[in-house]
Amino acid sequence: MGDAPKLPGLRGHAYAARSSHRQPARLLTREGGEDLWVDLQNDERAVLASAHLSKLRIDAPLGSAPRKITFPDGAVFETRDHEAIEALTGKTRGSMLHHYEGFNARLFGVVAVCLAAVWVMWRYGLDIMAAVAIAFTPPAVIEQIDAGSMQSIDFTMAEPSKLTDEQKDEVEKVYRRLVRSLPDDVQEKHSFDLLFRDLPGMGPNAFALPGGTMVMTDAFVKQFPDPNVLAGVLGHEIGHVVEEHGLKRLYRSLSTYLLIAFLAGDVGPILEDVVLEGNVLLSLSFSRAQETSADEFGLALSDEAGFDPAGLKLFFEKMGKEYGDQEPAQWMSTHPSSAERVRAIDAFINELR
Amino acid sequence: MSESLPVGAKPFEFTGNAKEWFGIWIVNLLLSIVTLGIYSAWAKVRHRKYFYGNTYVEGRNFDYHATGKQILIGRLIIIGVYVLLNVLLLAVPPLGWLMLVVLIFAYPWLIVRGMLFNARMSSFSNVRFGFIGTTGRAFLVFLVYPILMTLTLFTTFPIWDRALKRFSVDNHKLGQATFKLDVNLSAFYMAFLWAIGFVVLVNVIGTLLLYFVFHDAVSPTPDGVQNLPVLILIQVLFFAAFLPAAFIYQALTRNAVYNNTTLQGGHRFASNVTAPKLLWIAVSNMVVVICTLFLMLPWAQVRIARYLADHTGLIPGGSLDDFVSQQQEAGGAFGDAYADLEGIDVGLPI
């Protein structure tokens, strides 16, 4: 372009509409009534296109990448003379964004805000997204999730319960007393059903499904017939249901996956794995926090229903003695360790009194 | 693997720089986070536009024309379907089988839609790309071939890989001009053998070293203690053998693809990337990015873009002024959103 003729106007290159034909060209402006009239001329002074300034489509600035101006008939003018374009058009859509993207000291602030925002997003944003998603999930679907999950459990790992009706009745009594202690609106919101199954692989255990279905293993009823222990553990599971832990976890993990896929999409394959694995470790701490919260809910509930809240402690003490040496390290576990939970329960009971 | 491009080849040039891209990237990230991911659609456009707009050959650059709104709508559709499927799967587990069947057919269709959208939203020298691949062909290339490959114990991997590259290159157009990839299978098998040869060589050397240098260390140890050295060994093997082997294969096949691709009008392409250099850039990029908590990611991206551009060339067979865009509808961006979600590359094969 060094030997281009010295002609007035904004220099750049022109393309005809939908064509790769490229030639040196310049933009010339003149008064055209209420709006500026813009001509696109090549070096032979032939007018390639012209229009009012307001009819031109001017691409938003992006770094020092060339700016494009498209005429109504599709002809395109392209230039890297950013200052001249800016002088012609003034502030355009995207100018402010472009300004803030400029490399200067302010970007350190942006970096700091970014890191803070990531934290806030992880701490609160995901919960908000989960809450919105839960609000939009019809109750019928949640009930169906319970039914579907029970079908899979029965199909893959569970046998019918071998408990006697008396044994079941004892537990059911405890369970009903707990449920009756809940506020009325909470009682109505979830269908609290207690099911018994023989789950040989799970030992003494109980778990809750999002819709309110609870499952207790035969081994649990046989090893811990004490109503206070039953109340503590069932109260814990009721806590999971009332505080909607299952759904929150489901939507939280879906949202994080989507966010990482779309936000960090182009970090490259190896790095994306690093991010996803880091997220799995972080989400474990979220799961542990849920367990602690359900423990506290269960303690308060069994206390309210007239049981001894120390029952839950008895359970964890025994579990700690039997399985303590098999527990994984805290940071890689979904549940806090038994010793940890006993300590937290003691502290909570002290508070209740 | 010569260091210079063939005579007559005009090298590609990447004019972006890390400083400038950092500013755009970090603002993209911040706005994406504070808008709970909504801005990521516009961020994607700015990312693409920056890298395309700064890639030149013969004084002409690429461009990306999708709008944030298009990308956002595509993503919302895919997210809606994705969440719905996940919840449905929990609620009615037997439906899983039906979904699997539907997905098997939806997968190639979505990939084709993604490639179509991307091609039509990309331009070079003011002329839009096009894509003419069919879902049937994609079904064959993305689903049937991989199954056959597994059945033949991966010995047919180069055949599958060539089919993938052909599907991408042969189905792209610039305006009305078609691309054609005419490459011998032997080039792919040679790359494959080099890569395997490298893995074998490293293993042999590694075993000998272990035997002579650490003779005591490989003597039998009680069970349980052995696990740790094995884990370390796997890591070492990955970095010393498989990662370089993957780059050897990639470098050789990339060169083979470019050097055998033609664009209607007598235009040809050239590439002369080398495995050691690619490997060095990829590994050092990774280390730098992790050590700087991702803040150097823009620098890493610019660095690789610049290397690839410098080692890619166009050998024009005539004027580049004669391409003409075809009138075409790009359709929705949901295929592109699906590809983003699954991490499939449906962009231009550049």
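Residues are numbered from 1 along each chain as its sequence is written, while chains are lettered from A, and ligands numbered from 1, in the order in which they are written. Because the model is predicted, local features need pLDDT of at least 70 and side-chain atom pairs count only at pLDDT 80 or more, whereas totals for chains, interfaces and linings use all residues.

View 1. Strands in the order β8-β9-β11-β10 of chain A form an open sheet with mixed pairing (strands are DSSP runs of E of at least two residues, helices are runs of H or I of at least four, and both are numbered from the N terminus; two strands pair if DSSP finds at least two bridges between them). The edges are taken by β8 (159–160) and β10 (206–208) of chain A, each with a single partner strand, so one side of each is left without a neighbour in the sheet. Strand β9 (residues 193–198) and strand β11 (residues 213–217) of chain A are joined in the parallel sense by five bridges, and A:Arg197 has A:Thr217 of β11(A) opposite it. Across β10 and β11 of chain A lies helix α8 (residues 227–242) of chain A, which runs at about 20° to β10(A) (axes are lines fitted to C-alpha atoms, for helices over the stretch in contact, and angles run from 0 to 180 degrees between N-to-C directions).

View 2. The crossing in which α5(A) passes α8(A) is right-handed (the near helix is turned clockwise from the far one by less than a right angle, and anticlockwise for a left-handed crossing). From α5(A), A:Val171, A:Val174, A:Tyr175 and A:Leu178 meet A:Pro227, A:Leu230, A:Ala231, A:Leu234, A:Gly235 and A:Ile238 of α8(A) (two residues are in contact if their C-beta atoms, placed from the backbone, lie within 7 Å). By class, this contact of α5(A) with α8(A) has nine nonpolar residues, one polar and no charged (Ala, Val, Leu, Ile, Met, Phe, Trp, Tyr, Cys and Pro count as nonpolar, Asp, Glu, Lys and Arg as charged, and the others, Gly among them, as polar). The axes of α8(A) and helix α11 (residues 310–323) of chain A come within 7 Å and cross at roughly 90°, and these helices are therefore roughly perpendicular to each other. The residues of α8(A) in this second contact include A:Asn228 and A:His236, and those of α11(A) include A:Leu312 and A:Phe315; the contact divides into seven nonpolar, four polar and no charged residues.

**View 3. The helix pair α1 and α2 of chain B.** Helix α1 (residues 18–34) and helix α2 (residues 40–53) of chain B have axes that come within 9 Å and cross at roughly 165°, which makes α1(B) roughly antiparallel to α2(B). The crossing of α1(B) past α2(B) is left-handed. B:Trp21, B:Ile24, B:Asn28, B:Leu31 and B:Ser32 of α1(B) make the contact with B:Ser40, B:Ala43, B:Arg46, B:His47 and B:Tyr50 of α2(B), a set with five nonpolar residues, four polar and one charged.

**View 4. The antiparallel sheet of chain B.** In chain B, 11 strands form an open sheet with antiparallel pairing, in the order β1-β11-β10-β9-β8-β7-β6-β5-β4-β3-β2, and the edge strands β1 (10–11) and β2 (13–14) of chain B each pair on one side only. Strands β6 (residues 127–131) and β7 (residues 172–174) of chain B run antiparallel and are joined by three bridges, with B:Lys173 of β7(B) as the bridge partner of B:Gly130. Helix α2(B) lies across β3 (55–57), β4 and β5 (122–124) of chain B, at about 170° to β4(B).

**View 5. The side of chain B that touches chain A.** In this interface, 51 residues of chain B are in contact with 47 residues of chain A. Elements giving two or more residues to the chain B side include α3 (68–91), α9 (275–291) and α11 (334–342) of chain B, while the largest share, 13 residues, comes from α1(B). By class, this side of chain B has 28 nonpolar, 14 polar and nine charged residues.

Note on methods:
Angles under 35 degrees count as roughly parallel, over 145 as roughly antiparallel, 65 to 115 as roughly perpendicular and the rest as oblique.
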